Amino acid sequence: MEMNSIKTITVVGAGLMGHGIAQVFAQAGYSVWLVDLKQAALERALNLIQNSLNILEKKGVMPKKQGREVLARIRFSTDLMPAAAAADFVVEAVAENAEIKRTVFGELQRLCPPTTLFASNTSGLDVFNLVDPGMAGGLIATHFFAPAQIIPLVEVCPGPQTRPEVVELTRRLLLSVGKEPVVMQRFVPSFIVNRIQN
Ligand SMILES: NC(=O)c1ccc[n+]([C@@H]2O[C@H](COP(=O)([O-])OP(=O)(O)OC[C@H]3O[C@@H](n4cnc5c(N)ncnc54)[C@H](O)[C@@H]3O)[C@@H](O)[C@H]2O)c1
């Protein structure tokens with residue numbers, strides 16, 4: 001996959017982290033799906049994103065009315081199927097629970113096109129051990145910090161099977177949305193250490 005083929009980002013989990021990550025990609029012009037099991041979580045996410053965009057407009061960080069365009073790029077859904085089918089790059093931001101993440105990645109593997117790349121927002125769980133080996137080459141951790149729409153740092157951590165081009169593409173994707181990715185050498189729980197490049 002090339003950078004210019006990444007058009008649609010699917011964020012799974014619309015909680016504290018997921019809604020901010022969705023906003024980051026929508027602000028940068030990507031088409032975004034934000035998925036959650038709970039309609040209430042999606043409604044809360046919509047309100048939080050709307051408020052954040054209003055503040056950015058009021059402070060002059062973003063031109064007036066641009067918030068509306070950003071919001072129009074985000075589709076909110078309780079149905080993973082269309083969001084997965086459209087995804088070039090997925091960011092998983094569901095609850096910090098190994099079984100939930102294992103199930104979500106299993107569904108994503110079944111529903112996404114074979115070219116889709118996968119990222120997890122966890123740093124504490126060894127997500128690389130939770131997925132089917134068939135998807136491990138296209139899986140990476142992208143650890144955003146809260147609030148994701150504000151904090152520039154994103155820790156990027158490849159697993160033992162992650163293809164080198166996936167690391168580079170993820171790094172470039174994050175740069176394209178205004179983030180400052182720091183690539184880790186290898187996974188250790190909660191990473192932070194083992195930084196090899198900026
Ligand atoms: N909270 C933080 O400061 C922080 C910072 C960095 C990373 N993280 C990591 O990011 C991830 C998300 O954390 P959070 O704080 O946003 O959690 P959260 O509890 O606020 O949100 C998780 C959301 O996932 C949804 N969800 C659960 N199962 C789902 C499923 N099968 N399909 C779709 N949605 C599902 C829940 O309904 C909930 O809305 C975790 O792995 C966490 O460790 C959190």
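**Close-ups of a predicted model**

**View 1. Strand β1 beside strand β4.** I9 sits across from F89 of β4. β1 and β4 (residues 89-92) run parallel and are held together by four bridges; strands count as paired here if DSSP finds at least two bridges between them. Strands are DSSP runs of E with at least two residues, helices are runs of H or I with at least four, and both are numbered from the N terminus. Keep in mind that this is a predicted model, where local features need pLDDT of at least 70, side-chain atom pairs count only at pLDDT 80 or more, and totals for chains, interfaces and linings use all residues. Residue numbers start from 1 along each chain as its sequence is written.

**View 2. Strand β1 beside strand β2.** On this side, β1 meets β2 (residues 31-35) in a parallel pairing with five bridges. T8 has S31 of β2 as its bridge partner.

**View 3. How enclosed is β1 (residues 8-12)?** Four of its five residues are buried, so the rest of the structure largely encloses β1. A buried residue has 20 or more other C-beta atoms within 10 Å of its own, with C-beta atoms placed from the backbone. Across the chain, 40% of the 198 residues count as buried.

Note on methods. A residue is buried if 20 or more other C-beta atoms lie within 10 Å of its own, exposed if 12 or fewer, and partly exposed in between; C-beta atoms are placed from the backbone.
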